[in-house]
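Here is a walk through a predicted model. Keep the structure open and follow the charged pairs, then the cores, then the strands.

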Amino acid sequence: MITRIFQGGVDVGEETIVASKREMYEEVGLEFGKHVMMGTNSDDNTATISCKYKTEGTGSWLEKQGFAGQHLIWSIFRCCNSDLELNPELVCNLQGLGGEKPEFSAVQWKSLDWVVNNVWEKKREPYKVLQGACMPLLKEWNEKCISQEFSGKWSRDFTRNVNVEESLLARGLSQENATKQATKAYLQQWKQDKEKPREWIVTTEKGQGKPSRELRYPMGEFTESYEGESTIFGSSIGGSVKRCCFYLAEENADSRISHVTVSYTAKGTEESLRYLKNDELILKRSFLPLSSTDKVISTEVFIRC
């Protein structure tokens, strides 16, 4: 698990979850729904953990002000934004928002174990409570990742494409070729790696008389080599491309989770989100051309066959 921890106060009459979302925005500039979702075992949006922190003997400002302790309520969020997952420094705003003064000079992902081991010793116990309470959430997240029902053969229903031609045009294809690529038959076979169940082996059928192409999607960063022309990667003679795979929270998925692949190609950066909705495989691509600051977003729908 990777985590970012920050604290703030609850205003009079303010609900805990509302306060958490407000503090998250004011202190690090993250927006609920855009960057994070609730990290909860259920759908009631109450992923909170409560504990009390005694200030006696800590030498903290609370003790100096005469407080005997502090009631802490942790709110647990899940990342749902690829840019945030890959590099929080490029997403978070530490200047202080909502009229608040800046409180931080840097931000980074660290494991919860690291946080517990490095927090101020006299304030470590509340973080240990958080660490223990997060174990069921960690277990649930891992089980969700390995239980995605991607296995099987999928066929694209091109009649339900959204902005696919536009996405291909942004990669430099001609109108004729973009239309051809967007409407041709597209079959994939997904197979889960038995030894590493978070990872997938995908075979793409290129058509009658053409060899199939097998891709492996390992977790984390990797380099993929390819031969010949690639519509997505952008070379007619083959080459290699840097890629990265991980899972994110996804509000549109039946399981509220998506498999993500980010590719750094010669034409630009592509983010591919795949998730299941009503037993259909949804592929949502966000492509950022090298020469533009505007992403082109497209959606493809695959059905079992």
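Start at Arg156. Its relative accessible area is 9%, so this arginine is buried; the cut-off is under 20%. What does Arg156 form a salt bridge with? The partner is Glu300, and the closest N and O atoms are 2.9 Å apart. Arg156 sits in strand S7, while Glu300 sits in strand S16 (residues 296–304). The pair therefore ties together parts that lie 144 residues apart in sequence. Glu300 has 3% relative accessibility, so it too counts as buried.

The side chains of Lys153 and Glu205 meet at 3.2 Å, N to O. Lys153 lies in S7 (residues 152–156) and Glu205 in strand S9 (residues 200–205), so this contact joins parts 52 residues apart in sequence. Are these two residues buried or partly exposed? Lys153 has 29% relative accessibility, so it counts as partly exposed. Glu205 has 29% relative accessibility and therefore counts as partly exposed.

Next, find Asp193 and Arg216. Their side chains form a salt bridge of 2.7 Å, N to O. Asp193 is in the loop between strand S8 (187–192) and S9, and Arg216 is in strand S10 (residues 213–217). The two are 23 residues apart, and the pair links distant parts of the chain. Asp193 counts as buried because its relative accessibility is 12%. Arg216, at 39%, counts as partly exposed.

Now turn to the nonpolar side chains. The largest nonpolar core has 20 residues. Within it, Leu30, Leu84 and Cys92 touch the most other members. Several elements each supply at least two residues of this core: helix H1 (16–28) and strands S2 (36–38), S5 (77–79), S12 (239–249) and S13 (257–264). A second core is separate and has 18 residues. Trp141, Trp190, Trp200 and Phe302 are among them.

Eight of its 11 residues are buried, so S12 is largely enclosed by the rest of the structure. Which strands pair with S12? Strand S11 (residues 220–226) runs antiparallel to S12, and seven bridges join them. There, Tyr226 stands opposite Gly239 of S12. S13 also runs antiparallel to S12, with eight bridges between the two. Here Arg243 stands opposite Ser263 in S13.

Note on methods
Residues numbered from 1 in each chain as written. Predicted model: local features only at pLDDT ≥ 70, side-chain atom pairs only at ≥ 80, totals over all residues. Heavy atoms only, no water. Core = buried A, V, L, I, M, F, W, Y, C linked by side-chain atoms within 4.5 Å. Buried < 20%, exposed > 50% of the residue type's maximum accessible area, 1.4 Å probe, protein only. Helix = DSSP H or I, 4+ residues; strand = E, 2+ residues; numbered from the N terminus. Pairing = 2+ DSSP bridges. Salt bridge = Lys/Arg side-chain N within 4 Å of Asp/Glu carboxyl O.
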